[in-house]
Amino acid sequence: MPAAASQRPAAPARPAPQDPPPPAVFLGVRHHSPACARLVAHVIRTLRPAFVLVEGPADMNDRLDELLLGHQLPVAVFSHYRDEQRVATSWTPLCDYSPEWIALREGRASGAEVRFVDLPAWHPALADRTDRCANRYADAEARYAEATRRLCERLGVDSADALWDGLFEVTEPDTDPEELRARLDAYFDLVRGDAEADAGDRAREAYMASWVRAALARAGDRPVLVVTGGFHQPALRALSAQPGAAAAPADWPAVPEPPSGALGGSFLVPYSFRQLDAFAGYQSGMPSPGYYQRLWETGPTAAGQGLLRAVTERLRARGIPLSTADLIAARSLSEGLARLRGHPYETRVDVLDGLAGALISDDLDRPLPWTTRGVLGAGTHPVVVEMVAACTGEAVGRLHPDTPLPPLVHDVAAHLARLGLADATAPVTLDLTKDGDLARSRTLHRLRVLGVPGFTRVSGPADGADPVFTEVWEPRPAAAAREAALIEAGAYGARLDEAAAALLGERVRAAGPEVGTLAGLLFDTVLCGAGPLCSELLETLAARVGRVGDLGPLGEALAAALGLWRHDRVFGVARDRLLGAVVGGAADRVFWLAEGLHGAPGADLAALRALASARDALRHAPDLLSTTPETAAEAAAAIGCELSQICKSLIFAADGVPVLVLMDGASRVDVERVRAELGAGKVTRADAAVVRETTGYAIGGVPPFGHRTRTRVLADRSLLAHDVVWAAAGTPYTVFPVEPKELVAHAGATLVDVREQHG
Amino acid sequence: MTATLEETGEEALQRPPAEVRHADELAALRAADDDPRPPGWQLSLRAARRFIVGDERAGVSRKFVGNVSLVERALVTLATNRGLMLVGEPGTAKSLLSELIAAAVSGSSALTVQGGAATTEDQIKYSWNYALLVSEGPSARSLVPAPMLRGMAEGRIVRFEEITRCPLEVQDCLLSLLSDRVITIPELDGSQGLVFARQGFNVIATANTRDRGVNEMSAALKRRFNFETVLPIADFDTELGLVEAEAAALLRQSGVEPPPRRDVLEVLVGTFRELRGTAAQGERMSTVMSTAEAVSVAHAVGVRAWFLRGEPGSAADVVACLAGTAAKDSPEDLARLRRFLAQEAPRRSGPQWQALHEARHLLAD
């Protein structure tokens, strides 16, 4: 609120001397609520408290000046902790309209002593929460869920956020702040109702109350203001008023120290609206920071108009036509909705509803996201996606140059120096089978994932099945850009491995049901050596592959997972149990979906490729699948091709000399027959590196001809049984149709009978 | 085309229209309504919303289960100069919603055009009484007004059901009518030949996403409507409650004594929701697994069990009745249902799910 400082009214009348000393004034707020922030500023200006106590990490108290250096918000206090049992990271985000931020700023400006009074982020009371990357200011929302749901039902509102906007954010212009405060108190009493405070809450509330008592003892007859989340306010009020409170020691409570042997600390990091927004992240805070920033700066009317304008610009930039008539319709719809809902101005939801009603001329697959809570699903209407993005806003915080650097910057510098990468000027070649080089590769991949410039990978394995064991990285001197990027990345963790894992984790959660994206993330995760995340990701993948509706991305995920499961020795995930679950689930799903396909003339390449991957899974990992070969064959028939119509190109080593065998997809090669055919001493399957060397292609994508080197080629006669067969075209994701005779001619193959014979 | 209700008498009707079914509530809301009404409306927007989404304290029942904001957007749209297009899967209560809105806004839901392949412009605008036309020539007396003309002349809401099933050229006859708000009758002279829409006239169209879909509508017509998607009920308990209430009412009407068993209904609704494929794309049944369909299966289950064995319906009855619903005309759907009963049902906990699984052989080929 830019005008606040200049418009401070004259000091209000102090209480008459005969009044008892004023008790603490408790102000319950909703985190990231502009209305609450405005109320905090009002109360500080009228009350002129001696102490302002704020729900925030008490270990930051010595460094409050650091917060007030003059950053461009949003920023966050990032806290990390590590001991032998657990690793915890958490954020305390602050934006221009955060009540906690206003309490800090306005409190200081009015000459009050400001203190953060909550336990440090690493404390078990906060760390025991179920979500692993906790946002300090997201705790209460979940607890209120049940109470707000009932309230919404009674008041005929769809979501808690719409309810909140109507009750508090967009109020009559002449609403008395005291009335708003009474309404807030009533609201929090009502919604706390049946929410159970857990042990962590009780510990935090007891700790905060000890600060309140100390402040009261110090303040004498001067007022004390306590700004906390509304959830804690009733309990704090009771705890602070306990008998004997007045006689409490005037010393501030001790700030708990991490146990010896544990590492921990808090740093300021830049934050962004995208990270703050409930729609994008899985943790709910107050959604739509971009909108509320405008509301805070320019008031509800301008915020509504700003949102309308932002959506219009976004849609036009994306080439979605938008006529003036549409905009007029949207405006009149949102005005009408605001009147019907009894809002003096259009709220966020009124504007969004108006836009949705007027601009979307299609049927939707899912409810409008602001009527529910949570992440946007796949297939959300593009207009809706742009509307939500416009609400989120794009603001990114920037720290003042004097801010101490986050620990990640030091960690990376130390890492690069230790691995001898700090001053690299020439391209670095890494042999992934060597431990030292693998560590280097992981470090560089983590930096790549975090978007830190400095090294670019020139070559290396493209996916899990790619049998390439060397990587080449080229250094790009960009010291300044690197440090800026590292400071930004510092928001994800104190150590490079943690930060990369946290970012990948965020991407996994934001990826939605797109399995193709997840498969890509899986490989990144493997490259970064993020073990625990790998498990989480695999669990997510395993849960999702069973729900994919499209064979294309499913096939890609299956190919990637199967490749890793079968061949990966370098990164140590071969035969991993969870990976196996992904392979099994994906393959089963391919067969399930394939059975549902029917009637399409010709064959769909993506579907065929998926089926081929599933066939490989059935062949190499039958125990992982619940599908049997019989059902698989039926499924293949549905795709418009028989399993045996998929031509496999296999490389064998006959006494060390590579030989290509072309085999139909339903049969296996009988190695003994190959040996007899060639008159060789010993025939084995060639390993991945040999395949790559001989053909120039990775296993899974080897075509039947067009290889790097000339080899002897055997084609099994069973291929001739078909009019057309499908062969890989150089990548695991493409196949092409060819007549068998033509195939044999092109490949220069000798026709033989080398398939395993049954019975 | 539309019978006058006073003549028919309420008692004899199988399903009286919304304004008759809820006449008391409408009268009470009208009496207590002191909010501003849009011109031509029988109720204010707020009272209309209360009528549809219910208001316990005012003794108004909830008639439409779904997002409140959808109802709000629909009502505000009708108060503007755009029509309202309700789209969604069959059985998502689009027609019910349009009926309720028309009853609340105009006091009558009777002005209805039922769209279909054979719908002609005559059935939308007007036609002639040919005996009078031949004897008297075109006159106001020989004119037979269709719902659109009546709606415009009387300032009422007109419902256009299943608009996408009409031929495109017939749909497009709404264009000038919705933008200019006037129907010209070239056969009549002077002022009689122009019928202007009075305040209160607007159109609620419904379109079914399983039919030809709204993509084939002309862009010009799309522009004249605000679209609202009516989605299947998101919440399990809400849907279960609705199916239970509706099925119980139907069973009473059919003379079945015991109400449906809740645990059996849970399995039924659970099966419907799973087959509806709310979570997974590309897996949808080609048959519609709507709430309305669940109600009719629950009804059939109760009737079958009571009249064949004299007891409330069981999970086995559900399987027997599902065959006719889930697999109406598609062997793939039947296969999917069979697969669900064989693989999914046993994974769920509860005796009724097990019973459902064990009764899977009742699913005839």
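Let me start with how chain B is divided: in this predicted model, chain B falls into domain 1, which covers 5-229, and domain 2, which covers 236-362. The C-alpha centres of domain 1 of chain B and domain 2 of chain B are 34 Å apart, and the contact between them draws on six residues from domain 1 of chain B and seven residues from domain 2 of chain B. If we look at the class of the residues on the domain 1 side of that contact in chain B, we find two nonpolar, two polar and two charged.

Let me turn now to the contact between the chains, where 32 residues of chain B are in contact with 26 residues of chain A. Which elements of chain B give two or more residues to the side that touches chain A? They are α4 (45-53), α5 (68-79), β1 (83-88) and β9 (225-229) of chain B, and of these α5(B) gives the most, with eight residues. By class, this side of chain B is made up of 13 nonpolar, 10 polar and nine charged residues.

Two of those elements, α4(B) and α5(B), also pack on each other, at an angle of about 140° and with their axes 10 Å apart. Because angles over 145 degrees would count as roughly antiparallel and those from 65 to 115 as roughly perpendicular, α4(B) is described as oblique to α5(B). The crossing of the pair α4(B) and α5(B) is right-handed. On the α4(B) side the contact is made by Leu45(B), Ala48(B), Arg49(B), Ile52(B) and Val53(B), while α5(B) brings Val68(B), Val71(B), Glu72(B), Leu75(B), Val76(B) and Ala79(B). Sorted by class, the residues in this contact of α4(B) with α5(B) are nine nonpolar, no polar and two charged.

Finally, I would like to move to chain A, where three strands form an open sheet in the order β9-β11-β10, with antiparallel pairing. The edge strands, each of which pairs on one side only, are β9 (428-431) and β10 (455-459) of chain A, and neighbouring strands of this sheet are turned by 30° against each other on average, direction ignored. Between β9(A) and β11(A), the latter spanning residues 470-475, there are four bridges, and these two strands run antiparallel. What is the bridge partner of Leu430(A) in β11(A)? That partner is Glu471(A). Helix α16 of chain A, residues 435-449, lies across β9, β10 and β11 of chain A, and this helix runs at about 120° to β9(A).

Technical notes. Residues numbered from 1 in each chain as written. Chains lettered and ligands numbered in written order. Predicted model: local features only at pLDDT ≥ 70, side-chain atom pairs only at ≥ 80, totals over all residues. Contact = placed C-beta atoms within 7 Å. Nonpolar A, V, L, I, M, F, W, Y, C, P; charged D, E, K, R; others polar. Pairing = 2+ DSSP bridges. Axes fitted to C-alpha atoms, helices over the stretch in contact; angles between N-to-C directions. Parallel < 35°, antiparallel > 145°, perpendicular 65-115°, else oblique. Left-handed = near helix turned anticlockwise from the far one by under 90°. Domains from an automatic or database assignment.
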